[in-house]
Amino acid sequence: MSEVELQSLITTAIDAAKRAYIPYSHYPVGAALRTTDGRVYTGCNIENASYPATICAERTALVKAVSEGERSFDCIVVATRNAGSPCGICRQVMYEFAPEMRLLMVDFEGNVRWDGVLQDLLPLGFGPGSL
């Protein structure tokens with residue numbers, strides 16, 4: 001991925017956070033998920049008064065992509081005000097499809113605080129090959 005494409009993905013994730021529905025935590029999260037053929041799917045966190053019904057930005061993007069037939073991903077950018085890390089549920093759901101996917105955590109100024117591989121965030125992860 002070129003530097004221009006990466007910067008575009010970062011900007012897209014930051015923009016997605018602006019659409020978050022966050023009346024409880026007031027913590028917006030945006031995600032931009034890229035398929036191996038270059039398509040991009042966005043997501044934001046959507047909270048609910050019944051807290052377990054809340055969905056994170058990463059899973060929103062992934063569910064949108066999978067529901068459109070996508071199954072192969074090479075990069076996701078997650079944007080929060082402090083470059084927060086994906087939760088455990090998001091790590092597990094993403095691992096199902098792309099344990100070797102590049103993952104960047106950025107703040108809303110576009111500063112990259114972490115750039116690595118998903119499986120480094122979920123060592124010894126349980127995936128389809130584990131069954």
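Visitor: Which residue with a positive phi follows α2?
Guide: In this predicted model, helix α2 covers residues 57-67. The helix is followed by a residue whose phi is positive, near 95 degrees. That residue is Gly69.

Visitor: Which element supplies the largest share of the largest nonpolar core?
Guide: This core has 23 residues, and those with the most contacts inside it include Leu33, Phe73 and Ile76. At least two residues come from each of β1, α2, β3, α3, β4 and α4 (118-121). The largest share, four residues, comes from α2.

Visitor: How many residues does the other core hold?
Guide: Apart from the core to which α2 gives the largest share, there is another. Among its members are Leu6, Leu9, Ile14 and Cys75. Its residue count is 11.

Visitor: Which residues does Ile76 touch, not counting residues up to four places away in sequence?
Guide: Ile76 is one of the residues with the most contacts inside the largest nonpolar core. In general, nonpolar side chains tend to be buried together in soluble globular proteins. The residues that Ile76 touches are Ala31, Ala32, Leu33, Glu58, Met94, Met101, Arg102, Leu103 and Leu104.

Visitor: What is the radius of gyration of the protein, and how does the globule rule bear on it?
Guide: The protein has four helices and five strands, in the order α-β-β-α-β-α-β-β-α. For 131 residues the globule rule gives 14 Å, and the protein comes close to that, so it is as compact as a globular protein of that length. The radius of gyration is 14 Å.

Visitor: What percentage of contacts between residues at least 6 apart in sequence join residues at least 24 apart?
Guide: The C-alpha trace spans about 40 × 35 × 30 Å along its principal axes, and buried residues make up 46% of the 131 residues. Among the contacts in question, the share that joins residues at least 24 apart is 58%.

Visitor: Which residues are linked in a network of salt bridges with Asp74?
Guide: The structure holds seven salt bridges. In one of them, Asp74 pairs with Arg34, with the closest N and O atoms 2.8 Å apart. This pair links distant parts of the chain, Asp74 in strand β3 and Arg34 in strand β1, 40 residues apart. The residues linked with Asp74 are Glu5 and Arg34.

Visitor: What is the N to O distance in the salt bridge of Asp115 and Arg102?
Guide: Asp115 lies in strand β5 (residues 112-117) and Arg102 in strand β4, 13 residues apart. Asp115 is partly exposed at 41% relative accessible area, and Arg102 is partly exposed at 29%. Their side chains meet at an N to O distance of 2.6 Å.

Visitor: Is Asp107 buried or exposed?
Guide: Asp107 forms a salt bridge with Arg113, their closest N and O atoms being 2.8 Å apart. Arg113 is exposed, with a relative accessible area of 52%. The value for Asp107 is 1%, so this residue is buried.

Visitor: What accessible area do the residues of the nonpolar surface patch have together?
Guide: The patch is formed by Tyr21, Tyr24, Ile46 and Tyr51. Tyr24 lies in the loop between α1 (3-17) and β1 (30-35) and is partly exposed, with a relative accessible area of 38%. Together the patch residues have an accessible area of about 440 Å².

Terms used
Residues are numbered from 1 along each chain as its sequence is written. This is a predicted model: local features need pLDDT of at least 70, side-chain atom pairs count only at pLDDT 80 or more; totals for chains, interfaces and linings use all residues. Side-chain values use heavy atoms; hydrogens and water are left out. Patches are made of residues with over 30% relative accessible area and no salt bridge: like charges are joined within 9 Å, nonpolar side chains (Val, Leu, Ile, Met, Phe, Trp, Tyr) within 5 Å. Accessible areas come from the Shrake-Rupley method with a 1.4 Å probe; for residues, only the protein chains shown count as cover. A salt bridge is a side-chain nitrogen of Lys or Arg within 4 Å of a carboxyl oxygen of Asp or Glu. Buried means under 20% relative accessible area, exposed over 50%, partly exposed in between (1.4 Å probe, protein chains only). The radius of gyration is taken over C-alpha atoms; the globule rule is 2.2 Å times the number of residues to the power 0.38. Contact means heavy atoms within 4.5 Å. A nonpolar core is a set of buried Ala, Val, Leu, Ile, Met, Phe, Trp, Tyr and Cys residues joined through side-chain atoms within 4.5 Å.
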